[in-house]
Structures are given as structure tokens and as C-alpha cells.
Amino acid sequence: MTTTSNPRGRLDADYRARSWQRLREGVDVLVVGGGVTGCGVALDAALRGLTVGLVEQRDFAAGTSSRSSKLVHGGLRYLEQLNVALVREALRERALLLDHLAPHLVRPLPFLYPLAHRIWERPYVGAGLTLYDTLGGLQPSVPRHSHLSRSAALRAFPSLRPETIAGAIRYHDAQVDDARHTLELARTAAAHGASLVSAARVAEIVREGDQVVGARVTDATTGETHEVPARVVVNATGVWAGLTEELAGVAEPLRMRPSKGVHIVVPGDRIDASLALITKTRTSVLFVLPWGRSWVIGTTDTAWHHGLAHPSATHADLAYLLEQANAVLTSDLDETDVIGLYAGLRPLVDTEGLSESEISREHTVRRPLPGLVTIAGGKYTTYRVMAEDTVDACGDDLFPGRPDLMPPSRSAEVPLVGACEPAELLVELAGSPGTENLSDEHLDRLAHRYGRLLPELLLHLDDEPELAQEVPGGAGTLAVEVVHAATHEGALHVEDVLTRRTRLYLEAGDRGLAAARVVAHLMGEALGWDEQRRTEEVSRYRRRVAAELDAQAAPDDAAAAAIRERVSD
């Protein structure tokens, strides 16, 4: 069901109020969870003509969907595990995102795969990458792999330790700003009629006998609880999937095994390279990825047995990543180089007898009760397929006895609301009101972040040219981006802007502390906050950062979790 009243899916206060009204009236599909999968489900269902609501207890992409490796990829290690079907599916989705769905947000990324052995490794890895290229299609969206000599590899990646390599292979995958992509999925769902509300926690999943008939949802901004009738409730809560099934009274809830993935961020000048790096470690893989003005290094793959809301990196995680990076880089990185750090939980479905790194990344869709469909597992790249399968599974409840009447998915055909080729967009916008206030560098960056939504920011700048200034301590973030986050992107708190709408938390060097007060002022002007609210927002953010830094110094997960959980988001 496409709406003309909100064609760009603006997530503002009026939209939020209208969404609550629609939720109270009842929907066909109520999605619980505002990560990439939940937003994907909302979009898929809305495109089929269903009435759709989505509730998220915190912010869109607040959990795993803003804490990934920020890659859209087939997964070379899944190919090594002979999971060809998963790799083929992921590479098909990579092509869709690059070519059609979100070319402004998803970009090809060249990788260097270093070879340590002179004789057997090159044909072995080369054969794997030939299959990887082949699975990408006859007309792949990225260049095919090529072989490099040792000297050519060192020219491409001067920071690589010469003694560790005998040569290399160059291949391509893709990179995405995961939080912005998830947010734009939400906006696209809203543009097609879905009613999405963040800061809305499910207090109860309502049943009539064995049938799930909706939920009671508490609005965190008002404290009010609302009844939301629904013909089917979709549980898209990631690592909370089993707990959400318990909330519905499922006799044998899904068993999840969260796996913690930690990444660190270091300044761009600490690593000299023209492409990304991938190499194996003892327990996982090591990525060294260009990210704006910085580099992201990850990841870990370890069991997490503590609270799900605030996965915490420890000093041991930090030391491990620095050790792995320094084993292959000449940069001699130490803790003083780390300007950002984040931890996320992979929503793995428990598979007895397998380690976290061995558990399949394939997804699971199930219907544990009439009126309840759960989606769990999977990987970021395949969110759209996961959403399609989930909505297909709703057919038994939406069309009892005739699930074949469910309209087919259209999500592969419909681009996100900002989709465009950024270079073409910049040509179109040349000389438009507002552009005169921006440098070419800023315009290019904004085009890749907002795509066809960029004119929304230019309207702000045309009215208030001073918003073209960089936020002090903001790592290049402009004031207009903060205002736009509050007026168009559903940001309700300073934390939403600093950690997800912008890259400040990762790239500023102080987790965004220096910028927090200016961000609170800009948001306050846009949202009508008084001085007390602005001060509270800054104080809350500072407490969060302090807790994260303290947790980062803790020796193990238990100690880190206890420290981090003292401060709620």
C-alpha cells in the first residue's frame, strides 16, 4: 500500500503520532524489532499491500544492525565451509544492493588476500575466488579477482609486513554504512504506508487461547501502554528471539547463542594502504577496512552469556585485535591509537556441538504459535531474503487455508528512497539552492550518505546557511546533519545522532563527547527541548561513554557487562 502523504518516509513527530493511531486501530502484520531484518520485513509486507506496524524498544538499528563489520559480502569463509548455497544467495543480494536497491550506500570495496605459502596456497585460494566470482553471476557488479606478486601487494598495501607474505590476490566485495542503511529501510517502509515507532517496548504479547492476536506496547516517551491488535506478530528481535517467544508463552522457545563481535577504529594515517585486507586468525578472520577518515579492524567471535542490551568489549578483546593486526601490519598499533570501539551480538541459532564460528549463518523462520512468526539467524547481507521468507510464512495466518493467496514479494524491485548514483545526482543538483554553502568534498560525502534525500538537507541550508558549518569536534559532521536527523530521521536522543545517524561516535576520537553539547543544542532547537532536557541528554550520553570506557578496561566479559549495565540507553 503506497501512500502519497509521506512519499519520502519522513520520520517526524507528526508521523510518529499518526503511527500510534494506526497501531491502536490494528494492523495485518505487527513487526517487533527495528533492526535490518525487522525493517526489511516491514517494507516487504507493506509492498504486498498489507497494513503494517513496527515497534522497536530503542532506536532503529540500535543493536546488531549498527555494530557489524559494515560489509555486504558473500562470505569467503562460508565458501570454505562448502556452504555454496548461502554464498550464492548473499552474492545475489550484494548485486541487488549495488546495482539497484541502494547504490548510494553500498559501494564496491577492493580487498587484498595475502598469501603466506609460495607453492600450494595461490592455486587453492585462486580456485576458491574463481568460484566466488562465478557465483556472483555472469555479469558481476564488481571486478573479478586478480593475482599480485609480492612486490605488487606491498605497493598496494605498504603497511603490510613484508616477511608475512609471498604474494597476494586482489578481489572485491562491498561496504555499507549499516546504521544508515537500516534507517533508510525504515524510511522506505514508511513511504509505502508502514507505521513504525521507535522507543516502543512490547510489554506483553496478547493471546486468545493458542492464537496470538497482538501486543501491548509501552511508549517510552510518555509511559503510556497501548493495545495493538494484529492478525500476525513477527518476532524479528535478533538475539532476543527466544526471550520474545517466552513472552508469548511458547512452550519450547528458540534457543539462541549470541556471539560477540568486536571492532576497533584507528586513525586513517596509522595504516598506509589503498584497499582493505582480509586474513585468517586462530578463531575468526581479521578485517582491516577503510572507513571514512579511519580504519575499522575486526573481528572477534566469542560466546556471550550476559545481558543482551549492552554487549561490551573488554581489555582482552582490545589486546587480541591489536595483537592480530600487528602480526600482519608494520603500524605497531597500541591502545593509544584506538579512537573508537564497538561490540555487537550475532543472533546465532544454537546448534549443539558447534563453536560460534562454526554455526551456520543461514536463517530460520518458524511459526511456534498461530499468529506468531519468528525470524532468527542469518547475516546482514541477506536481510531482504530473510524478510521475504518471513512474510511468506505469515500467509497461514493472513489467508487461513489459502496461503497461496499471499501476494508475491516485490522487495527486489523497489529501491530505497534515497537510491541513486551519487555522481549523477551531483550533476543534477549543481547550482541548486543550498549547494553554494558546501565544499565539493562535503557535497560528495553527503551524496553518498543521503542519495536522493540530499535535497532535504539543502532545503535546511537554503533557510539557514549557518548549518553548513562543521560541528566542533565532529569529525567532519555538519550541523545540518544533526538537524535533519531530528526533523526527518526519527532521532529522539543525542545518543541516536552521535552513534547511528552520524559517524561521530566512531571517528571523533573521544566518542563524540566534545560535540555532545552542540548536538543537544541543535536537536533542542529542532524538537523544542528546554535547557533542562538538553542538559539531561548530554549528561546521559557522557555517562554512557564513561561506562563503555570503564568496561573496555575490564579483564573479562562478566566484569565488563556489570560495568556497562549500570547505564541504560
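# Salt bridges and cavities, by the rules

Guide: This structure holds 43 salt bridges. The model is predicted, so local features need pLDDT of at least 70 and side-chain atom pairs count only at pLDDT 80 or more, while totals for chains, interfaces and linings use all residues. Residues are numbered from 1 along each chain as its sequence is written, and side-chain values use heavy atoms, with hydrogens and water left out.

Visitor: Why is the contact of D219 with R16 called a salt bridge?

Guide: A salt bridge is a side-chain nitrogen of Lys or Arg within 4 Å of a carboxyl oxygen of Asp or Glu. The closest N and O atoms of D219 and R16 are 3.1 Å apart, so the pair qualifies.

Visitor: What does the pair of D219 and R16 tie together?

Guide: D219 lies in strand 9 (residues 211-219) and R16 in helix 1 (residues 13-25), so the pair ties together parts 203 residues apart in sequence. Helices (H or I, at least four residues) and strands (E, at least two) are DSSP runs, numbered from the N terminus.

Visitor: Are D219 and R16 buried or exposed?

Guide: Both D219 and R16 are buried. That term means under 20% relative accessible area; exposed is over 50%, and partly exposed is in between (1.4 Å probe, protein chains only).

Visitor: Why is E227 called partly exposed?

Guide: E227 has 45% relative accessibility. E227 forms a salt bridge with R216, with the closest N and O atoms 3.0 Å apart. R216 is also partly exposed, at 28%.

Visitor: What makes a space a cavity?

Guide: On a 1 Å grid over the protein atoms alone, a cavity is a set of points where a 1.4 Å probe fits but cannot get out. Grid points are joined across faces, edges and corners, and a volume is the space filled by probe spheres set on the points. Four cavities of 30 Å³ or more are counted.

Visitor: Which residues line the largest cavity?

Guide: Lining residues have an atom within 4 Å of a point. There are 28 here, and R67, L341, Y342, Y505 and R544 lie nearest the centre. Helix 19 gives the largest share, four residues.

Visitor: How many residues of that lining are charged?

Guide: The lining has 10 charged, 12 nonpolar and six polar residues. Asp, Glu, Lys and Arg count as charged; Ala, Val, Leu, Ile, Met, Phe, Trp, Tyr, Cys and Pro as nonpolar; the others, Gly among them, as polar.

Conventions
1 Å grid on protein atoms, 1.4 Å probe; cavity = no way out; pocket = protein on both sides within 12 Å on 5 of 7 lines; lining within 4 Å.
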